[in-house]
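Thanks for asking me to look this one over.

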Amino acid sequence: MPLLSIVTPSHQPVREQLLEAYESVRSQKLPADWEVEWVIQEDGDTGAVRDILPGDPMVKFATGRRGGVALTRNIALARAGGELVRNLDQDDVLTPGALARDIDVLSSDPLVQWTTSPALDLMPDGSTVGFDTDPAPGRIEPGFVLEHWRTHDYRLPVHPTTICIRRELAVALGGWMGVPGSDDTGLLVPASVVSYGYFHSEVGLLYRKWPGQETAATGHYAPAEWTLRMRLIEQRAETVRRLWPQIIGTR
C-alpha cells in the first residue's frame, strides 16, 4: 500500500502538546488504499517521547545524539519509508482531512511535487488567528514563492511548516536546510523554483504560539544570523534553479 510519512523532530516535548499532536495524526481519515506512519526522531537520547505516547504501531520512534532541529528532521526523513513526506512539529496540530487532501492532489496531479495549506496560529487561550495574505488556491507556478519571498522582506506567501513533499524531491535537495532556524524555508524555497506546488483552500494546520517554541526565542531573529540565513537560502534557490536541468514533473 502507498505510504505517507509524517516526520517530527522532538526535544523536551510538553506532554499535553505532544498528545494533542498525536490525536490529530491518529484521527486522520485516509483514502482506502493509503497508510500513514508517524516518524518521530528525538534530538538527544532521553526517551521522553516514549514516556508520553501510547504504544501504537503507527508511531515509529527513535533517539539520537543532539544536533538541532534541522539535523533531527533529516534523520527522521532518512527513516521515513513513504513516497510522500509531511512535516509536523511536536507542538502543532493537523486539522481533520489534512493528509487526505495532500494525498488527493499529489496522487492525481503528477506535475505537482509539493503542497502547502493555510495555517491558523493557535494561541495560548485556545483561540485561533488567521492571515489575509494567502495566495489563491490551486497550483503554484515555479518561481512564485521565491520572488514573493525576496520582494516582501523575506516573508513567504505560504507557511513552510505545512509542506507535504514527494520524498524523492526532498532527498534530492538535501532535506531540510542545515541552518539554525528557517530550515523549513530552506527546503520550500528551492523546491518551489524547480517544481510546481499546490496551495489548498482548507486550513491544514494549527500552528501553536507559546513562549517555549523555537521561533519565540530572541536569537531566532538576531539580525546578523537572520541575514546570513536568508542570504544562504536565496543563494541555494538561485543555484538550484540555474543548475537543475528542467522543471520536475514535466519530463
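1. At roughly what angle do the axes of helix H5 and helix H8 cross? The answer is roughly 150 degrees, with the axes of H5 (residues 144-151) and H8 (residues 223-243) coming within 12 Å. Please keep in mind that this is a predicted model.

2. Angles over 145 degrees count as roughly antiparallel, and H5 and H8 are therefore roughly antiparallel to each other. As for handedness, the crossing of H5 past H8 is left-handed.

3. On the H5 side, the contact is made by Leu146, Glu147, Trp149 and Arg150. H8 contributes Met230, Ile233, Glu234, Ala237, Glu238 and Arg241. By class, the residues of this contact between H5 and H8 split into 5 nonpolar and 5 charged, with no polar ones.

4. Now to the sheet. An open sheet is built from 8 strands, and its order reads E3-E2-E1-E4-E10-E6-E11-E9. The pairing in this sheet is mixed. Strand E3 (59-64) and strand E9 (138-140) are the edge strands, each pairing on one side only. From one strand to the next, the twist averages 25 degrees.

5. E9 pairs with strand E11 (residues 196-199) in the antiparallel sense, over 3 bridges.

6. Helix H1 (residues 15-26) lies across strand E1 (3-10), strand E2 (35-43) and E3. Relative to E2, H1 runs at about 160 degrees.

7. Which strands pair with strand E7 (residues 119-122)? One partner is strand E12 (residues 205-208), paired with E7 in the parallel sense over 4 bridges. In that pairing, Asp121 stands opposite Tyr207 in E12. Another partner is strand E8 (residues 128-129), which pairs with E7 in the antiparallel sense over 2 bridges. Here Leu122 stands opposite Thr128 in E8.

8. E7 and E8 form a hairpin, and 5 residues lie between the two strands. Within the turn, Gly126 has a positive phi of about 90 degrees.

Note on methods. Residues numbered from 1 in each chain as written. Predicted model: local features only at pLDDT ≥ 70, side-chain atom pairs only at ≥ 80, totals over all residues. Heavy atoms only, no water. Axes fitted to C-alpha atoms, helices over the stretch in contact; angles between N-to-C directions. Parallel < 35°, antiparallel > 145°, perpendicular 65-115°, else oblique. Left-handed = near helix turned anticlockwise from the far one by under 90°. Contact = heavy atoms within 4.5 Å. Nonpolar A, V, L, I, M, F, W, Y, C, P; charged D, E, K, R; others polar. Pairing = 2+ DSSP bridges.
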